[in-house]
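Visitor: I am new here and would like to learn how to read a structure like this one. Could you walk me through it?

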Amino acid sequence: MAPAKKRNVSLAETAEKSVKKAKIDLNAKVEIILESRKNANDVFDILEALESEKEKDVGSAVNACSKLFCTLLEKKELFLGKLPGEEEAVSGESSAEEKYQMFMRHRYNSCVELLLEHLSHDLHGVQETALCCLMKFAAAEGKHPLEDLDWTEHYSFPRELLQSVVDRLLSKTTDNSLLISRFQEFLEMEDVRYYVMSSIRENVGKVMDKNKGALLPIFQNNVFTLMSNISIPSQESELTNFMVQQEDKHEDWKAAKLNEHKRVFERMWLGFLKYKLPSNMYKKILVILHDSILPHMSKPTLMIDFLTAAYEVGGAISLLALNGLFVLIHQHNLDYPDFYKKLYNLLEPSVFHVKYRARFFHLANLFLSSSHLPVYLVAAFAKRLARLALTAPPTALLIVLPFIYNLIRRHPSCRVLIHKPTTEGEVLEDPYLMDEEDPVQCRALESSLWEIKTLQKHYHPDVAKAAMAINTPLSGKEDDIDEVLEITTHELMERDLKKSQIKNIALEFEIATELLKGGGNVLGQHFCLD
């Protein structure tokens, strides 16, 4: 056994030495290529190593490529402008200097293509290494452009390279969430973020139009993951971190203007949201909409079409869509007359059992907090909730009852639902129309909250106690429903089953100490009395 162990150790050492040797050889090749142009063909060995199947070999090759081509960019030894084909470059009448620059530019392009392919590699380590190298190339190209700056603005930024990176990140077949989270580091740079947003918009339009708007769950999830990582600064003075510093007219650069960031941000999101989305995607977007999207848009009201379409999906998505609509109504003066009608129709038995129950009642409480709402509307909500309460679970009832009481406190005119004078011979029939979708026509004010009186006989003591509150005049202070929004059935049962602590009860103010100590006289006195 001993010789075998020794042999295994020696094999491991040999493998480690070979890796180190390969790394040393690649670094040595970089040195001799930079030292003399006669060794230019050695670049093929580096590119060959870049295609290796071993992660360590690829890592060494990426480091070598990074050092080689960043140095060539800095020395301006790569061909500038429109690059001729390889055959044309060799057979042309160009000088030896130009032919060398064309040759190395072609090798640089080959290196970039290989790195872009590695963004789809099976190993995350290779993906991450390739991504960092590509962004290093982008920074180097920004400082030393490979194209003639003959456009009007004269701003140097490697837009094509960044577009290629974004296209690979937004894969249609592979979930790139992990790699995109690594890319977030680069999105903190203002110019990178600006051009990434433009690239996303172009990519989404191209891919979705090619597929005629059909659902592409993996692609759309990659797009959402990348976009949700984009955060726009609140003030233009915060735009200070740039990957490429423009020497001339920096203050006029679009990437340095906050309004331009907001405009591109808005176009990016609208371009993505105009297509049909997977149902789970609606929830993800609507949850972050009011905090992470609407505040950074130039015209938030442009989201009305998406929010209306999201409401039609139904269920919890409709509720979350109403939250976005409420923000537009409250903060951006959007006129949406059917808002409360839609909210009223969301009140169904299923609302007590959905995942977003707590969020629903929190938002509904916010929507109905205004004291300027018409009394018939508030009465309709109170009555519908009371009717639904007849079949609701105890955890929901502990929310619904205080909710109804708060509505009555805010709108004293609704007290008629509690104290309604009756006349003899009146037919005992509830005029309320439960199936009516319009709260104006449901005749809630003609009814009463007899359902709460029924709940006073509920099997759960906490519910019965809460329902008893309607027997006495309601105080002016509203109940805080936030304390019970998150309560679960398990927590309610645990609270009921928990044994109450038995406290010691004092029987005498002074503890007797002489009763059993020499107590003959005491006992004798008792016997004598008998």
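Predicted model: local features only at pLDDT ≥ 70, side-chain atom pairs only at ≥ 80, totals over all residues.

Guide: Gladly! Residues are numbered from 1 along each chain as its sequence is written, and side-chain values use heavy atoms, leaving out hydrogens and water.

Visitor: How are two packed helices described?

Guide: Two packed helices are described by the angle between their axes and the distance between the axes. Axes are lines fitted to C-alpha atoms, for helices over the stretch in contact, and angles run from 0 to 180 degrees between N-to-C directions. Helices are DSSP runs (H or I, at least four residues), numbered from the N terminus. Here, the axes of H12 (residues 279–293) and H13 (residues 304–311) cross at roughly 130° and come within 12 Å.

Visitor: Which residues make the contact between H12 and H13?

Guide: Contact means heavy atoms within 4.5 Å. H12 brings Tyr282, Ile285, Leu286 and Leu289, while H13 brings Phe306, Leu307 and Ala310.

Visitor: At what angle do the axes of H16 and H18 cross?

Guide: They cross at roughly 5° and come within 11 Å. H16 and H18 are therefore roughly parallel to each other. In their contact, Arg357, Phe361, Ala364 and Asn365 of H16 meet Thr395, Ala396, Ile399, Val400, Phe403 and Arg410 of H18.

Visitor: Is Arg357 buried or exposed?

Guide: Buried means under 20% relative accessible area, exposed over 50%, and partly exposed in between (1.4 Å probe, protein chains only). Arg357 is buried, with a relative accessible area of 11%. This residue is found in H16, which spans residues 357–367.

Visitor: With which side chain does the side chain of Arg357 make a polar contact?

Guide: A polar contact is a pair of N or O atoms within 3.5 Å; within protein, one must be able to donate a hydrogen and the other to accept it, and residues adjacent in sequence count only if both atoms are side-chain atoms. For Arg357, the partner is the side chain of Thr395, at 3.2 Å.

Visitor: Where is Arg443 found?

Guide: Arg443 lies in the loop between H18 (394–410) and H19 (450–455). Although not a glycine, Arg443 has a positive phi of about 60°.

Methods
Helix = DSSP H or I, 4+ residues; strand = E, 2+ residues; numbered from the N terminus. Parallel < 35°, antiparallel > 145°, perpendicular 65-115°, else oblique.
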